[in-house]
Amino acid sequence: MQWPAAACLLLVCLPVAGQTETPLTLEDALREAHAANAKLPVSAFDVTIARQKREEARAERWLKVALEGDFIYAPPSGYDPILTNLGEFRSQVVARQPVYDGGARRAAIAASEAEVASAGARYRIAEKDLDLEVRSRFAELLEAANEIEIRREGIERLTSYQTSLQSRRAAGQGVGADILKTGVRLSVEQASLVEAEQRSDEARVALNDLMGRDVRGPLVPAPLPPPEKPTDLEGSAWAGAPELAAAEAETKAAEAQADVARAEGKPHLFLGADVGFWGSDTSRWIPLDIRATDPDANFWDRVRRDAGYSFNLTFSWPLWDFGAIRARVAQADAALRQSRQKLEVERREARRQWESAMLALQNLYRQIEILSRAAPDARDSYLDAESRYRGGAANALEVLDAYSASVEAGVRLAESVSRYRIARAVAQRWGAP
């Protein structure tokens, strides 16, 4: 499509009056936002936490070694010495290795890996949302800058027209009503200019905040190329939306949690071993049974007696728990069905968002084509009406109507281009290239 020169000047090459700062390109804005935005690190921490949980789940499958001990002091005047052994002490290095757990730990690893994938997808969602925000605010800032320039130029033309009317009144012509109408229109345009400047300030503050800059700092957006005709209207890029990846990962995690719940009702077998010291009678350095065997026994004899090691197998198989395990399995199955339904919801939502954005691109591009031709024609129409008014062939209402049409055409063109760019950002957010 060949863009008219006036439209190119309006949408691509238009500078913002009074601004001397280095223009910020959209690519630089996106880069700064990814580097300094305050929200992305929150999602990044979720990924780190999920990875550490995965490492924890993997470690649960292997041998654990711990130093354990206890000390009980029971004097001879206390409890029955047969029951208390006159006290007891234990200091052991204990090792435990799960042998069979019904697949619970294997399922826990699968669940943790799914959580890592889900956290990664949520981080991608945060990145996509950030990109959408930056692109939208950037487009709004450009739109506001274009509208400000359009309205300032219009106010200059209208002020010049008002000056000519005042000159004609000074020459004795009856143009008082025309001057009044023009003054009212000029006030309305000035108010509209202030509103556009406010929207520019709001977009500038929001974009500065997204990039981690001082929100009050100046910001000059670099111009963007004219919109291109949308393609791939019948594609399936929406299938790559990160929401779908997150929902699929959550479904896998729910399946693994269901396996964990079922494993509770299966047999569990653990192998254990220990080495260290375990003895009785903490009220004496040399227990009576050692002294009875050897009257000359010393403390090291006691150490040799209490040193040792052992092995053990621990087996458990729940037989009856009033339905607690069955209820947990039912909960896990319900959560699995819920996650599958959420996946379907996310799939439909992703397609709806993408299809809506692509249809909006198509319609907005048609508007831009129409308005890009109408904007210069509307300006020429205003100049013609003003010229005819000076020659007495038109009235003030025709001039003001032509002026309003010229300004509205320019503003609507800038607005349509901004909406097109935001719709393109939405399409990119939901998977479009």
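Reader: Let's start with one residue pair. Which residue in strand 2 is the bridge partner of Y73?

Author: Happy to! In this predicted model, Y73 has G87 in strand 2 as its bridge partner. Another pair of this kind is V65, whose partner in strand 2 is A95.

Reader: How many bridges join strand 1 to strand 2, and in which sense do the two run?

Author: Strand 1 is joined to strand 2, residues 87-100, by 10 bridges, and the two run antiparallel. You can follow this in the pairs: Y73 goes with G87, while V65 goes with A95.

Reader: Where does strand 2 go from there? What does strand 2 pair with over 12 bridges?

Author: With strand 3, residues 268-280, again in the antiparallel sense. Look for F89, which stands opposite G279 in strand 3. Then find V93, whose bridge partner in strand 3 is V275.

Reader: And how many bridges pair strand 3 with strand 4?

Author: There are 10 bridges between strand 3 and strand 4, and the pairing is antiparallel here too.

Reader: What should I expect of the side chains along a strand?

Author: As a general idea, side chains in a regular strand alternate between the two faces of the sheet. Keep that in mind as you step along a strand on your screen.

Reader: On to the helices. What describes two packed helices?

Author: In general, you give the angle between their axes and the distance between the axes. Take helix 10 (residues 324-390) and helix 11 (residues 396-429): they pack at an angle of about 160°, and their axes are 7 Å apart. An angle over 145 degrees counts as roughly antiparallel, so helix 10 is roughly antiparallel to helix 11. Their crossing is left-handed.

Reader: Which classes of residue make up the contact of helix 10 with helix 11?

Author: By class, that contact has 27 nonpolar, six polar and seven charged residues.

Reader: At what angle do helix 3 and helix 5 cross?

Author: Helix 3 (residues 40-59) and helix 5 (residues 104-170) cross at roughly 170°, and their axes come within 8 Å. That angle makes helix 3 roughly antiparallel to helix 5. Their contact divides into 12 nonpolar, three polar and nine charged residues.

Reader: Helix 5 also meets helix 7. How do their axes cross?

Author: The axes of helix 5 and helix 7 (residues 242-263) cross at roughly 160° and come within 8 Å. Helix 5 is therefore roughly antiparallel to helix 7. The crossing of these two is left-handed, and the residues of their contact divide into 17 nonpolar, two polar and eight charged.

Reader: One last thing: what is the mean pLDDT of the chain, and where does pLDDT stay under 50?

Author: The protein chain has a mean pLDDT of 88, with 94% of its residues at 70 or more. Residues 1-19 are the stretch where pLDDT stays under 50, and the model has 38 contacts beyond four places in sequence for them.

How values were computed
Residues are numbered from 1 along each chain as its sequence is written. This is a predicted model: local features need pLDDT of at least 70, side-chain atom pairs count only at pLDDT 80 or more; totals for chains, interfaces and linings use all residues. Side-chain values use heavy atoms; hydrogens and water are left out. Two strands pair if DSSP finds at least two bridges between them. Helices (H or I, at least four residues) and strands (E, at least two) are DSSP runs, numbered from the N terminus. Axes are lines fitted to C-alpha atoms, for helices over the stretch in contact, and angles run from 0 to 180 degrees between N-to-C directions. Angles under 35 degrees count as roughly parallel, over 145 as roughly antiparallel, 65 to 115 as roughly perpendicular and the rest as oblique. A crossing is left-handed if the near helix is turned anticlockwise from the far one by less than a right angle, and right-handed if clockwise. Ala, Val, Leu, Ile, Met, Phe, Trp, Tyr, Cys and Pro count as nonpolar, Asp, Glu, Lys and Arg as charged, and the others, Gly among them, as polar. pLDDT is the predictor's confidence in each residue, from 0 to 100. Contact means heavy atoms within 4.5 Å.
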